[in-house]
Amino acid sequence: MARRFRGSEEVKVDAKGRVSIPAKFRRVFEASDPDWQAGKRAQLVIVYGTRDWNWLQLFTIEAMEEIEDGIARMPRGSAARNLLENIYQGHADEAEIDGDGRLVLPQKLREKIGLTDSAFFISAGDSLKVWTPEAYAEEERALEARVPELEPGADPLSLLAPAAAKDEG
């Protein structure tokens, strides 16, 4: 099983659009890049999505291969396949983390999400989402508003579907 991202970090964006990728996140990109080895630059894919996306999503190479394999299994010409190809292949750029642990975010992507002097990374399993800190604060409030009412003190893990019973044969 591939390594997963965990946690969140706010980082500075320099005038050239470079952001430092925290070490805990770099290790996941490295471990999930089949071609990576010590001394090489870890590869990743930046998905910037449709017009209404106000975040960027950084996928590991393994995660993007899994997504593309799923898209390839869909019927050619179907509306769903066309949409997913548009988002995850047409609205995506390949990138790499440089030797100093930085990622250059192209100007068009920074402008798309309104990124200026700081970026907020939040883990999303096999990807990282990149937001402006202000947009993420708004998204988090909206996310909390969509959570169904739980009894006071209820464990949020109760929202998970029950695990399938293991065969004891």
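Predicted model: local features only at pLDDT ≥ 70, side-chain atom pairs only at ≥ 80, totals over all residues.

Reader: OK. Which residues does Glu 68 touch, not counting residues up to four places away in sequence?
Author: Tyr 88 and Gln 89. Glu 68 itself sits in helix H2.

Reader: Is Glu 68 buried or partly exposed?
Author: Partly exposed, because its relative accessibility is 30%. Buried would need under 20%.

Reader: How far is Glu 68 from Trp 53?
Author: Their C-alpha atoms are separated by 20 Å. Along the chain, the two are 15 residues apart.

Reader: Let's zoom out. How many helices and strands are there?
Author: The protein chain has five helices and eight strands.

Reader: In what order do the elements run?
Author: Starting at the N terminus, the order is β-β-α-β-β-α-α-β-β-α-β-β-α.

Reader: And what size of box do the C-alpha atoms fill?
Author: Roughly 55 × 40 × 35 Å, along the principal axes. The chain has 169 residues, and 36% of them count as buried. Its accessible surface is about 10,700 Å². Carbon and sulfur atoms hold 49% of that surface.

Reader: What share of the contacts links residues 24 or more positions apart?
Author: 63%, counting contacts with a separation of 6 or more.

Reader: Where is Val 11 placed?
Author: In strand E1, which covers residues 8-12. Val 11 counts as buried because its relative accessibility is 12%.

Reader: New topic: helix H1. Which of its residues are buried?
Author: H1 spans residues 23-31, and its buried residues are Phe 25, Arg 26, Val 28, Phe 29 and Glu 30.

Reader: What do those pack against?
Author: Five strands are on the list: E1, E3, E4 (56-60), E7 (118-123) and E8 (127-131).

Reader: What about pockets? What volume does the largest one have?
Author: About 150 Å³. Strand E3 (43-47), helix H2 (61-72) and strand E5 (92-96) each give two or more residues to its lining.

Reader: Which residues line it?
Author: Among them are Gln 43, Leu 44, Ile 61, Met 64, Ala 92 and Asp 93. By class, the lining has six nonpolar, one polar and four charged residues.

Reader: You mentioned E5. What is Glu 96 in contact with?
Author: Glu 96 is in strand E5. Beyond four places in sequence, Glu 96 contacts Arg 41, Ala 42, Gln 43, Arg 102 and Leu 103.

Reader: Is Glu 96 buried or partly exposed?
Author: Partly exposed, because its relative accessibility is 33%.

Reader: Last one. Which residues does UniProt list for the SpoVT-AbrB domain?
Author: The unreviewed UniProt entry lists residues 8-51 and 92-135. In the model, residues 8-51 are 20% helix and 30% strand. Residues 92-135 are 23% helix and 43% strand. The end C-alpha atoms are 25 Å apart for 8-51 and 21 Å apart for 92-135.

Methods:
Residues numbered from 1 in each chain as written. Heavy atoms only, no water. UniProt positions renumbered as here; feature names shortened; annotations may be inferred. Helix = DSSP H or I, 4+ residues; strand = E, 2+ residues; numbered from the N terminus. 1 Å grid on protein atoms, 1.4 Å probe; cavity = no way out; pocket = protein on both sides within 12 Å on 5 of 7 lines; lining within 4 Å. Points joined across faces, edges and corners; volume = space filled by probe spheres on them. Nonpolar A, V, L, I, M, F, W, Y, C, P; charged D, E, K, R; others polar. Buried < 20%, exposed > 50% of the residue type's maximum accessible area, 1.4 Å probe, protein only. Contact = heavy atoms within 4.5 Å. Areas by Shrake-Rupley, 256 points an atom, 1.4 Å probe, with all protein chains shown as cover.
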